[in-house]
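Please keep the sequence and the structure in view while reading.

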Amino acid sequence: MKKLAFIALALAVSCNSTQKTTGEQKVEKAEVVNPETYGNTITEAELKTHLYTYASDEFEGRETGKPGQKKAIAYIKKEYIDLGIKPAKADGNYFQDVPLEISKLPTGTLSINGTTYVLGEDYVATTASTGDYTSVIYAGFGIEEGDYSDYSDLDVKGKIVVAKTGEPKKADGTFTLSGSSEKSSWSNPSEALAKRVELATEKGAAGIVFYDETNYPRYQQYFAQMQKSGRERISPKPTTPNEFATILVNAKLANALVKDIAKDDSPKTVATDLKLDLKSGNTDVMSENVVAYIKGSEKPDEYLIISSHLDHIGVTADGQINNGADDDGSGTVALLEIAEAFRKAELDGNGPKRSVVFLHVTGEEKGLLGSQHYTDVDPIFPLANTVADLNIDMVGRIDPKREGDRNYIYLIGSDKLSTELHNLSEEVNKKYTNVVLDYTYNDENDPNRFYYRSDHYNFAKNNIPIIFYFNGTHDDYHQPSDTPDKINYDLLENRTRLVFYTAWEIANRANRLVVDKPTE
């Protein structure tokens with residue numbers, strides 16, 4: 001690895017009387033900037049001051065879309081304004097809107113030939129659907145693969161498709177698709193419905209009625225649990241409304257549409273009077289990422305992202321506040337301190353050569369929603385020009401199950417896409433911080449699958465090299481007891497400095513990181 005060369009070159013040629021006499025010119029040596037000058041400004045005291053505010057009851061657990069989350073983004077915005085770090089958006093706004101919706105079960109009716117069926121008993125549905133149909137298209141198994149198709153000679157555009165589970169067999173009892181006694185993925189319970197929905201959607205159908213007698217009780221139980229709990233699921237708001245109807249039915253309703261459906265494998269058009277009047281209970285939620293950046297001095301169109309999630313899980317049913325000091329208050333305040341260190345360097349004329357983006361994302365606890373919005377919907381800076389993401393999620397505590405030196409951090413993903421990033425990370429740590437880098441959760445077979453569970457993943461899936469910094473879980477994880485007084489501030493300081501020095505090297509090295517192990 002090349003030596004750190006973040007240089008404020010000032011080659012001053014002096015032509016004083018002494019030089020004239022000797023005939024020599026005095027040339028001052030180039031001064032190499034020591035990143036520790038700025039890394040040392042990251043202190044326990046400042047981290048503690050930030051965190052006792054950010055993880056206080058005032059912020060009400062920072063649940064996505066709730067008032068506490070709005071207080072959190074206001075706090076972060078003010079910090080960047082006070083530091084003089086500019087917003088990343090061209091319109092001068094620090095907030096990147098992330099449109100979400102709360103999904104609720106639909107309500108309404110379904111009738112066939114004048115008979116009304118009971119939602120939750122005879123059928124379950126999770127999406128709204130309305131329409132009057134004088135016929136349905138029975139597509140048998142609803143499969144199309146290779147030379148086999150249940151959709152041959154069927155026009156399903158704008159119509160309701162009826163399909164059943166299972167797959168065709170030959171006269172000798174082997175399965176048509178596999179040519180053996182082995183079933184295909186169309187019979188896999190976790191894929192069967194999704195594959196049929198995808199195919200029917202591609203064919204232009206208005207919806208699908210799916211009959212799976214074996215698994216219907218499971219669908220029904222899940223629907224009943226959702227009804228009873230009143231549980232709400234938050235998800236990205238579709239750019240266009242989902243108008244495709246997906247309805248799962250029991251044997252009574254399936255046979256009302258297609259007589260003897262279990263035995264009948266022949267696709268056909270079936271005359272019927274089907275009326276759907278299922279209305280959505282979904283409500284809109286607006287949440288926000290906070291994005292600031294320092295423009296690069298030499299390579300402004302290449303971007304290093306440092307990320308953490310600003311949200312947590314809110315208030316319990318009995319009114320206890322989940323302060324989320326470690327998860328991810330620790331990452332949030334670490335990111336603010338890293339931003340301040342880069343800003344101090346910039347004010348001294350030693351700003352980063354590449355642009356550094358400080359990305360605070362919302363909705364991580366709801367499914368990595370804020371980072372997904374940034375990468376999949378509205379990347380403020382081109383992903384093709386994004387050189388890496390350093391993601392900080394829980395860096396203030398000690399994993400009680402771990403044995404050994406307390407001055408450690410779990411590193412996940414550093415070697416997944418770029419060998420160069422992994423080696424850089426190791427060398428920077430040896431030079432500046434000497435944290436024990438523990439790769440326990442970097443194992444491909446890790447049952448916790450942490451690599452897929454924080455915001456770096458949305459960058460990794462786009463072949464952007466990442467490092468995920470993580471202290472592991474503990475008894476206070478996702479509990480009201482995750483409070484600022486339990487943070488190990490000396491460790492938080494050292495870990496934050498580690499991320500800063502790694503970011504400094506990435507931002508200032510001559511060449512961008514090489515992705516030598518891209519995923520397809």
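Which residue in β24 is the bridge partner of I392? The partner is Y469. The model is a predicted one, in which local features need pLDDT of at least 70 and side-chain atom pairs count only at pLDDT 80 or more, while totals for chains, interfaces and linings use all residues. Residues are numbered from 1 along each chain as its sequence is written, and side-chain values use heavy atoms, with hydrogens and water left out.

**Strands and their partners**

Helices (H or I, at least four residues) and strands (E, at least two) are DSSP runs, numbered from the N terminus. The chain contains 12 helices and 24 strands. Two strands are said to pair if DSSP finds at least two bridges between them.

| Strand | Partner | Direction | Bridges |
|---|---|---|---|
| β19 (residues 299–309) | β21 | parallel | five |
| β21 | β24 (residues 466–470) | parallel | four |
| β6 | β18 (residues 283–294) | antiparallel | eight |
| β6 | β15 (residues 233–236) | antiparallel | four |

Strand β21 is mostly covered, with seven of its seven residues buried. Buried means under 20% relative accessible area, exposed means over 50%, and partly exposed lies in between (1.4 Å probe, protein chains only).

E101 faces D284 in β18, and L100 has P236 of β15 as its bridge partner.

**Nonpolar cores**

A nonpolar core is a set of buried Ala, Val, Leu, Ile, Met, Phe, Trp, Tyr and Cys residues joined through side-chain atoms within 4.5 Å. The largest one has 62 residues, and those with the most contacts inside it are Y80, I306, F342 and F358. Another core, of 50 residues, lies apart from it and includes A205, I208, L253 and L274. In soluble globular proteins, nonpolar side chains tend to be buried together.

A contact means heavy atoms within 4.5 Å. Leaving out residues up to four places away in sequence, I306 touches residues including L335, F342, F358, L390 and I392.

**Backbone exceptions**

Most residues other than glycine have a negative phi, and most peptide bonds are trans. D153 has a positive phi, near 65°, and sits in the loop between β12 (148–149) and β13 (160–164). M394 has a positive phi as well, near 75°, and is found in the loop between β21 (386–392) and β22 (408–412). Which of the two words, buried or exposed, describes M394? M394 is buried, with a relative accessible area of 3%, whereas D153 is exposed, at 85%. A cis peptide bond, with omega about -10°, joins D327 and D328; D328 belongs to helix α8 (residues 325–347).

**The chain as a whole**

The C-alpha trace spans about 110 × 55 × 50 Å along its principal axes. Of the 520 residues in the chain, 52% are buried. Among contacts between residues at least 6 apart in sequence, 82% join residues at least 24 apart.
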